[in-house]
Amino acid sequence: MGNSISMPKNLRHLVDSIKMSNGLTSVFIEVLVISGSILAEADREKEIVIWFAQQDQSVVGSGTVGFDIDDIPWTIENFESEKEFMIRAISNAIAGLGWERLSYEPRKDWIIECLEQFKLMINVFDETNININI
């Protein structure tokens, strides 16, 4: 089993999905949450980090934490600052922010490739694609 992170259906032709094994997904979520936790200042930023932390497979089950970018709890009124925060969190995760807190050495080439793809997905995503029904 594995997980995937995808664009909303109407944007899937622009950016490929990220497909990850369960192990790689766990590392992806961990480094993103660590980076986001270090950077988060505003309540909305903290709420987004918490949402990502809730994607922990050890809690919800292996192979069950894939999502579409529009599943992230974006808000229309704060979208630009939320998107900017996500780009900073991803960029800092790529740079290794907080990796010393991990109890293992992640496979850098794999995780950085996934984070770079995720950053591209966030850059392409815009407020017109926010799923307000979540």
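## Overall architecture

Helices, taken as H or I runs of at least four residues, and strands, taken as E runs of at least two, are DSSP assignments numbered from the N terminus. In this predicted model, the chain holds five helices and three strands, and their order along the sequence is β-β-α-α-α-β-α-α.

Of the 134 residues in the chain, 46% count as buried, while the exposed surface comes to about 7,100 Å², of which carbon and sulfur atoms supply 50%. Among contacts with a separation of 6 or more, 72% are made by residues 24 or more positions apart.

In soluble globular proteins, nonpolar side chains tend to be buried together. Here the largest nonpolar core has 42 residues, and F28, F52, I69, I72, M86 and F118 are those with the most contacts inside it. Two or more residues are given to this core by each of β2, α1, α2, α4 and α5, and the largest share, nine residues, comes from α1.

## Helix α5

The buried residues of α5 are I111, C114, L115, F118, M121 and I122. Viewed down the helix axis, these buried residues fall within an arc of 115 degrees, so they line one face of α5. An α-helix has 3.6 residues a turn, so residues three or four places apart point the same way.

The partners of this buried set are β1 (2-6), β2 (18-21), α1 (22-39), α2 (43-53), β3 (67-68) and α4 (79-94), against which the buried residues of α5 pack.

## Salt bridges

Side chains of opposite charge can pair when their charged atoms come close. The count in this model comes to six salt bridges. One of them joins E82 to R44, with the closest N and O atoms 2.8 Å apart; because E82 lies in helix α4 and R44 in helix α2, the pair ties together parts that are 38 residues apart in sequence. E82 is buried, at a relative accessible area of 2%, and R44, E47 and E82 are linked in a network of salt bridges.

Another salt bridge pairs E105 with K108 at 3.7 Å, N to O, where E105 is exposed at 61% relative accessibility and K108 is partly exposed at 44%. The side chains of D109 and R107 also meet in a salt bridge, at 2.8 Å, and both are partly exposed, D109 at 42% and R107 at 46%.

How values were computed. Residues numbered from 1 in each chain as written. Predicted model: local features only at pLDDT ≥ 70, side-chain atom pairs only at ≥ 80, totals over all residues. Heavy atoms only, no water. Buried < 20%, exposed > 50% of the residue type's maximum accessible area, 1.4 Å probe, protein only. Arc of directions from axis to C-beta. Contact = heavy atoms within 4.5 Å. Areas by Shrake-Rupley, 256 points an atom, 1.4 Å probe, with all protein chains shown as cover. Core = buried A, V, L, I, M, F, W, Y, C linked by side-chain atoms within 4.5 Å. Salt bridge = Lys/Arg side-chain N within 4 Å of Asp/Glu carboxyl O.
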